[in-house]
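Here is a short briefing on one structure. Keep the sequence and the 3D view open as you read.

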Amino acid sequence: VYPNPASDMIYLTIPGTDTEYNLGIYAVTGQLLKQEQILTPVERSPIYLDDLGPGLYLIQLTEGARRYTKKLVIRK
């Protein structure tokens with residue numbers, strides 16, 4: 001995930017072969033704010049953040065029972 005901190009957009013790079021991930025962006029309270037499905041491999045997939053205000057968020061990629069979570073800071 002880059003850039004981080006971000007303002008209007010982030011990019012995802014996910015290696016792999018034909019795996020479908022669910023991407024969720026969550027408020028620190030746990031509320032799901034944005035959701036997308038992503039099919040790998042992905043070299044540079046843009047995720048637009050126009051609808052999210054400044055603050056701290058969590059990005060979670062889920063595939064089956066596997067979960068990957070990263071902090072995201074949005075500054076505008």
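Where is the place of Thr62? Thr62 sits in strand β5, residues 55-63. Helices (H or I, at least four residues) and strands (E, at least two) are DSSP runs, numbered from the N terminus. This is a predicted model: local features need pLDDT of at least 70, side-chain atom pairs count only at pLDDT 80 or more, and totals for chains, interfaces and linings use all residues. Residues are numbered from 1 along each chain as its sequence is written, and side-chain values use heavy atoms, with hydrogens and water left out.

- Thr62 is buried, at a relative accessible area of 17%. Buried means under 20% relative accessible area, exposed over 50%, and partly exposed in between (1.4 Å probe, protein chains only).
- Thr62 touches Glu20, Tyr21, Asn22 and Arg67, not counting residues up to four places away in sequence. Contact means heavy atoms within 4.5 Å.
- Thr19 lies in the loop between β1 and β2 (20-27). Thr19 is buried as well, with a relative accessible area of 19%.
- Leaving aside neighbours within four places in sequence, Thr19 is in contact with Ile38, Leu39, Thr40 and Glu63.

**Salt bridges and a charge over a ring**

- The whole structure holds two salt bridges. A salt bridge is a side-chain nitrogen of Lys or Arg within 4 Å of a carboxyl oxygen of Asp or Glu.
- One of them joins the side chains of Asp51 and Lys34, at 3.4 Å from N to O. Asp51 lies in the loop between β4 (42-48) and β5, and Lys34 in strand β3 (residues 32-39), so the pair ties together parts that are 17 residues apart in sequence.
- Asp51 is exposed, at 52% relative accessibility. Lys34 is buried, with a relative accessible area of 17%.
- Glu63 forms a salt bridge with Arg66, and the closest N and O atoms are 2.3 Å apart. Arg66 is partly exposed, with a relative accessible area of 44%.
- Arg44 lies over the face of Tyr11, 4.0 Å from the ring centre. A charge sits over a ring if NZ of Lys or CZ of Arg is within 6 Å of the ring centre and within 35 degrees of the ring normal.

**Largest pocket**

- The largest pocket has a volume of about 170 Å³. A pocket is an open set of points on a 1 Å grid over the protein atoms alone, with protein on both sides within 12 Å along at least five of seven lines. A volume is the space filled by probe spheres set on the points.
- The lining of the largest pocket includes Val1, Leu12, Tyr21, Ile59 and Tyr68. Lining residues have an atom within 4 Å of a point.
- β1 (9-14), β5 and β6 (66-74) are the elements that give two or more residues to the lining of the largest pocket.

**Backbone geometry**

- A cis peptide bond joins Tyr2 and Pro3, with omega about -10°. Pro3 lies in the segment before β1.
- The peptide bond from Asn4 to Pro5 is cis, with omega near 15°. Pro5 is also found in the segment before β1.
- Asp18 is a residue other than glycine with a positive phi, near 45°. Asp18 lies in the loop between β1 and β2. Asp18 is exposed, with a relative accessible area of 66%.

Note on methods. On a 1 Å grid over the protein atoms alone, a cavity is a set of points where a 1.4 Å probe fits but cannot get out, and a pocket is an open set with protein on both sides within 12 Å along at least five of seven lines; lining residues have an atom within 4 Å of a point.
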